[in-house]
Amino acid sequence: MTENRVVEDRLGRGLDDLRISVIDRCNFRCTFCMPADQTYTFLPRREILTFEELTRIAIIFVELGVRKIRLTGGEPLLRRELERLVAMLKAIPGLEDLALTTNGFLLKDQARTLADAGLDRVTVSVESLDQEVFGKINGLGMPIAKVLEGIDAAVDAGLGPVKINTVVMRGVNDHEIVSIARYFKERRCIVRFIEFMDVGNLNEWQAENVLDARTIMGRIGAELPMEPLRRERPSDVALRYRYLDDGVEVGAIASITEPFCGDCTRARVSSEGRLYTCLFANQGTDMKDLLRGGVTDDDLRKRIAAVWRSRADRYSELRNDRLASGQLFSEPKVEMFRIGG
Ligand code: SAM
Ligand code: SF4
Ligand code: SF4
């Protein structure tokens with residue numbers, strides 16, 4: 001075990017990074033995440049962890065080594081008074097980085113308040129700049145213009161460098177890769193192109209719809225010259241590049257074609273308080289009942305540490321074997337909008 005590691009899993013991975021899903025509801029119905037033609041039962045309010053409960057959990061995670069927390073959802077900006085949670089988490093000693101992933105629709109009105117409360121950074125998901133394509137992808141015809149205004153507001157509020165997540169689906173939005181790269185380069189935002197993943201059970205994922213990260217970066221590099229950047233930390237999961245003319249960073253996340261399970265140091269807490277040690281897990285560990293049943297901090301810490309120590313997840317590395325044997329969807333997985341990406 002390295003000196004500053006508090007816990008290590010069965011494959012020798014530490015616990016550095018926590019994602020908290022603050023709500024399972026969303027104002028979009030992205031085809032790759034929660035398609036519009038499904039019915040969803042969202043959690044009743046009392047089933048969702050309170051800010052006090054989330055903060056209590058977060059403090060323990062920081063004691064166990066976590067340095068970065070990212071708030072996600074569903075759509076986190078739908079959670080009322082989110083800035084109050086931001087301020088509570090920001091006050092945790094030892095936490096170095098507090099970020100948020102959002103679809104950006106409500107960001108224009110909230111960026112300044114969140115920044116003032118202590119949020120360090122935002123990532124905004126943008127799959128297309130073309131209203132027709134964007135409206136289809138988000139399932140509800142929601143306007144891209146409002147998302148772009150939200151991004152500008154986040155830049156102005158100092159929530160940066162603002163990152164952009166773009167899930168690339170072959171035949172759906174891959175023709176826009178270079179224009180998306182160019183648009184955000186001009187605004188000095190860091191785009192991360194993400195290989196379409198087989199998360200959840202609803203998105204009808206097919207391997208043929210994945211455009212691999214190397215091809216994505218090759219297409220951009222052919223128009224906008226760039227050079228590779230070295231990884232800053234082993235837990236950096238992106239292939240990172242820098243444009244030669246202005247130094248703006250751009251990258252891709254090759255979760256399908258170049259899985260990075262060996263460096264995966266991330267835990268996830270769903271909105272109903274289940275702890276997941278893999279994005280593709282089908283079962284989490286319930287923490288809500290523990291919290292509401294009067295568990296002591298010491299026992300909660302021991303429980304979380306035990307879950308991490310018993311972890312051996314490496315779903316993405318095993319995916320190719322599963323694909324070959326046709327077993328990819330044999331077990332139900334947690335949905336992306338519950339666990340938050
Ligand atoms: N609603 C927020 C948003 O869209 O940014 C936060 C939650 S969303 C589940 C978090 C991230 O997961 C988004 O960047 C989204 O693009 C990504 N995501 C969802 N489904 C995905 C999939 N099938 N493959 C890859 N990324 C996906
Ligand atoms: Fe909502 Fe985000 Fe999922 Fe789209 S990707 S449906 S915005 S949770
Ligand atoms: Fe981590 Fe699971 Fe993704 Fe592998 S598949 S990188 S273990 S979340």
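## Exercises on ligand shells, core and loops

An oxygen atom of ligand 1 lies 3.2 Å from a polar backbone atom of Thr-102, a polar contact (a pair of N or O atoms within 3.5 Å; within protein, one must be able to donate a hydrogen and the other to accept it, and residues adjacent in sequence count only if both atoms are side-chain atoms). The model is predicted, so local features need pLDDT of at least 70 and side-chain atom pairs count only at pLDDT 80 or more, while totals for chains, interfaces and linings use all residues. Residues are numbered from 1 along each chain as its sequence is written, chains are lettered from A and ligands numbered from 1 in the order in which they are written, and side-chain values use heavy atoms, with hydrogens and water left out.

**Exercise 1.** Describe the surroundings of ligand 1.

Step 1. The shell, made of residues with a heavy atom within 4 Å of the ligand, holds 21 residues, and the closest are Phe-32, Gly-74, Ser-125, Asn-165 and Met-197.

Step 2. Polar backbone atoms of two of these residues face nitrogen atoms of the ligand: Phe-32 at 3.0 Å and Met-197 at 3.0 Å.

Step 3. The protein covers 95% of the 550 Å² of accessible area that ligand 1 has on its own; such areas come from the Shrake-Rupley method with a 1.4 Å probe, and for residues only the protein chains shown count as cover.

Step 4. The elements giving two or more residues to the shell are β3 (97-102), β5 (163-168) and β6 (190-195). Helices (H or I, at least four residues) and strands (E, at least two) are DSSP runs, numbered from the N terminus.

**Exercise 2.** Compare the classes of residue around ligands 1, 2 and 3.

Step 1. Ala, Val, Leu, Ile, Met, Phe, Trp, Tyr, Cys and Pro count as nonpolar, Asp, Glu, Lys and Arg as charged, and the others, Gly among them, as polar.

Step 2. The counts are eight nonpolar, ten polar and three charged for ligand 1; six nonpolar, two polar and no charged for ligand 2; and seven nonpolar, one polar and three charged for ligand 3.

Step 3. The shell of ligand 2 includes Cys-26, Cys-30 and Cys-33, and that of ligand 3 includes Cys-261, Cys-264 and Cys-278.

**Exercise 3.** Which residues have the most contacts inside the largest nonpolar core?

Step 1. A nonpolar core is a set of buried Ala, Val, Leu, Ile, Met, Phe, Trp, Tyr and Cys residues joined through side-chain atoms within 4.5 Å.

Step 2. The largest one has 116 residues, and Phe-61, Ile-69, Leu-71, Ile-151, Phe-184, Phe-193 and Ile-220 have the most contacts inside it. Its largest share, seven residues, comes from helix α1 (residues 51-63).

Step 3. Beyond four places in sequence, Phe-193 is in contact (heavy atoms within 4.5 Å) with residues including Thr-166, Ile-180, Ile-220 and Val-250.

**Exercise 4.** Is Ser-271 buried or exposed?

Step 1. Ser-271 sits in the loop between β10 (266-269) and β11 (274-276).

Step 2. Its relative accessible area is 1%, so Ser-271 is buried; buried means under 20%, exposed over 50%, partly exposed in between (1.4 Å probe, protein chains only).

Step 3. Among its contacts beyond four places in sequence are Ser-21, Asp-24, Glu-47 and Arg-338.

**Exercise 5.** Locate the backbone features at Pro-161, Glu-81 and Arg-188.

Step 1. A cis peptide bond with omega of about 5° joins Gly-160 and Pro-161, and Pro-161 is in the loop between α5 (144-156) and β5.

Step 2. Glu-81 has a positive phi near 55°, in the loop between β2 (68-72) and α2 (82-90).

Step 3. Arg-188 has a positive phi of about 55° and lies in the loop between α6 (177-186) and β6.
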